[in-house]
Each structure stands twice: as C-alpha cells, then as structure tokens.
Amino acid sequence: MSDSSITNVVGDLFAAPEGSILVQACNTKGSWGAGIALAFRDRFPEQYEQYRSHCAENQDNLVGTCLLLPGQNYTIACLFTSRNFGRYKDSPTQILAATKSALQDLMRQNSEGKALHACRFNSGKFGVPWERTARVIEELGVDMSVYTPA
C-alpha cells in the first residue's frame, strides 16, 4: 500500500465534522470510566446507556464486534477490543486481533460510507502501542482521521 489510510489530525476529536462516526475502543463490561471513554460518557449520556445495556445482554460475546450508536450530531462506534479493563484487560495480541475483527464489522455496518474519526484508540488505558493499532487499520485499508490533542 503506497498511501496511508490514516490522516493524522492535531486537535479535538469532538470537533470532528457533524454526521461522521466517532470511533473508540471499548470493553465488554459496560464501563466508560476512564481516559477518553469518560469524555464520551460525559458528552453522550444516552449512547452510554445504550452501550451499557448492550454489554449487559451480550457480555464477552461482544469481543471483536462493533456497536454503532446513532446520535443527534454523531454516530459512535464502539469497537469491542477487550473483555475487561484495568489490570484485567486482555493482552495486546488479543486486543489487536479483536481490533481487526471489530474494524471489519464497522466497515460492514457503515454502508453509507460515513467519515471515520478516532483518537489513538487502544493506546491509552488498554496499553497497546499506537503503531500496532495503526498497522491493523492500514492493513485493512480503513480510511480514518486520527486525532491527537494539540
């Protein structure tokens, strides 16, 4: 692949163009309690409740899938990349395998081809070096704008 499918953006993910999909990595326990997930919870309380319900119903079966949560200005994509969080999070190898499957699920569901905007997911509280997740995104050819704070 000659050109990267990732466009790096310095700025605020939550200032992405309206109508796009905001992508984040999630656990299957129904917790957006730390890192950027906490910012998502504060900004999108209705979608957070939908996410929690979905987790309660499906639990660990969610690993490697994507849940799309439509909202007023954005759709949120929850990539289920780890069963748990904190010291009980999955290994980086498991998280990356789940990331590949979850991104494939996102691409299947994004039939309208909405623009994807993300943080450097998996690299915060899940502890996976960003370069490893970026490699998965590029191998799949997923076009995505990835934000780092200014």
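Ser5 has a relative accessible area of 6%, so Ser5 is buried (buried means under 20% relative accessible area, exposed over 50%, and partly exposed in between, using a 1.4 Å probe and protein chains only). Ser5 belongs to the segment that comes before β1; helices here are DSSP runs of H or I with at least four residues, strands are runs of E with at least two, and both are numbered from the N terminus. Residues are numbered from 1 along each chain as its sequence is written. This is a predicted model, in which local features need pLDDT of at least 70 and side-chain atom pairs count only at pLDDT 80 or more, while totals for chains, interfaces and linings use all residues, and side-chain values use heavy atoms, with hydrogens and water left out.

What does Ser5 meet? Leaving aside residues up to four places away in sequence, Ser5 touches Ile137, Glu138, Gly141, Val142, Asp143 and Met144 (contact means heavy atoms within 4.5 Å). A polar atom of the Ser5 side chain also lies 2.8 Å from the backbone oxygen of Val142; for a polar contact, two N or O atoms are within 3.5 Å, and within protein one must be able to donate a hydrogen and the other to accept it, with sequence neighbours counted only if both atoms are side-chain atoms.

## How confident is the model?

The chain has a mean pLDDT of 94, and 98% of its residues reach 70 or more (pLDDT is the predictor's confidence in each residue, from 0 to 100).

Follow the chain past β2 and you come to Thr28, in the loop between β2 and α1 (35–43). Thr28 counts as buried because its relative accessibility is 2%. Its side chain places a polar atom 2.8 Å from the backbone oxygen of Arg83. Beyond residues up to four places away in sequence, Thr28 touches Cys55, Gln59, Asp60, Leu62, Val63, Phe80, Ser82 and Arg83.

Gln59, one of the residues that Thr28 touches, sits in the loop between α2 (45–58) and β3 (66–70). Gln59 counts as partly exposed, since its relative accessibility is 49%. The phi angle of Gln59 is near 45 degrees, which is a positive value in a residue other than glycine.

Asn122 also has a positive phi, near 80 degrees, and is likewise a residue other than glycine. You will find Asn122 in the loop between β5 and α4 (130–140). With a relative accessible area of 3%, Asn122 is buried.

## A look at helix α3

Ala102 is in helix α3, residues 92–109. Is Ala102 buried or exposed? Its relative accessible area is 0%, so Ala102 is buried. Apart from residues up to four places away in sequence, the contacts of Ala102 are Gly64, Thr65, Cys66, Leu79 and Phe80. Ala102 and Cys26 are 76 residues apart in sequence, with 10 Å between their C-alpha atoms.

Ala15 lies in the loop between β1 (6–10) and β2 (21–27). Ala15 is exposed because its relative accessible area is 58%. From Ala15 to Ala134 is 119 residues in sequence and 21 Å in space, C-alpha to C-alpha.

Pro45, in helix α2, is partly exposed, with a relative accessible area of 47%. Pro45 and Glu138 are 93 residues apart in sequence, and their C-alpha atoms are 31 Å apart. Over in helix α4 is Arg135, which counts as partly exposed at 47% relative accessibility. Arg135 and Ala56 are 79 residues apart along the chain, and 31 Å separates their C-alpha atoms.

## The largest pocket

The largest pocket has a volume of about 400 Å³, where a volume is the space filled by probe spheres set on grid points joined across faces, edges and corners. A pocket is an open set of points on a 1 Å grid over the protein atoms alone, where a 1.4 Å probe fits, with protein on both sides within 12 Å along at least five of seven lines; lining residues have an atom within 4 Å of a point.

Which residues lie nearest the centre of the largest pocket? Of the 24 lining residues, these are Ala34, Gly35, Ile36, Ala37 and Lys125. At least two lining residues come from each of β2, α1 and β6 (144–148), and β2 gives the largest share, 4 residues. The lining divides into 12 nonpolar, 10 polar and 2 charged residues (nonpolar are Ala, Val, Leu, Ile, Met, Phe, Trp, Tyr, Cys and Pro; charged are Asp, Glu, Lys and Arg; the others, Gly among them, are polar).
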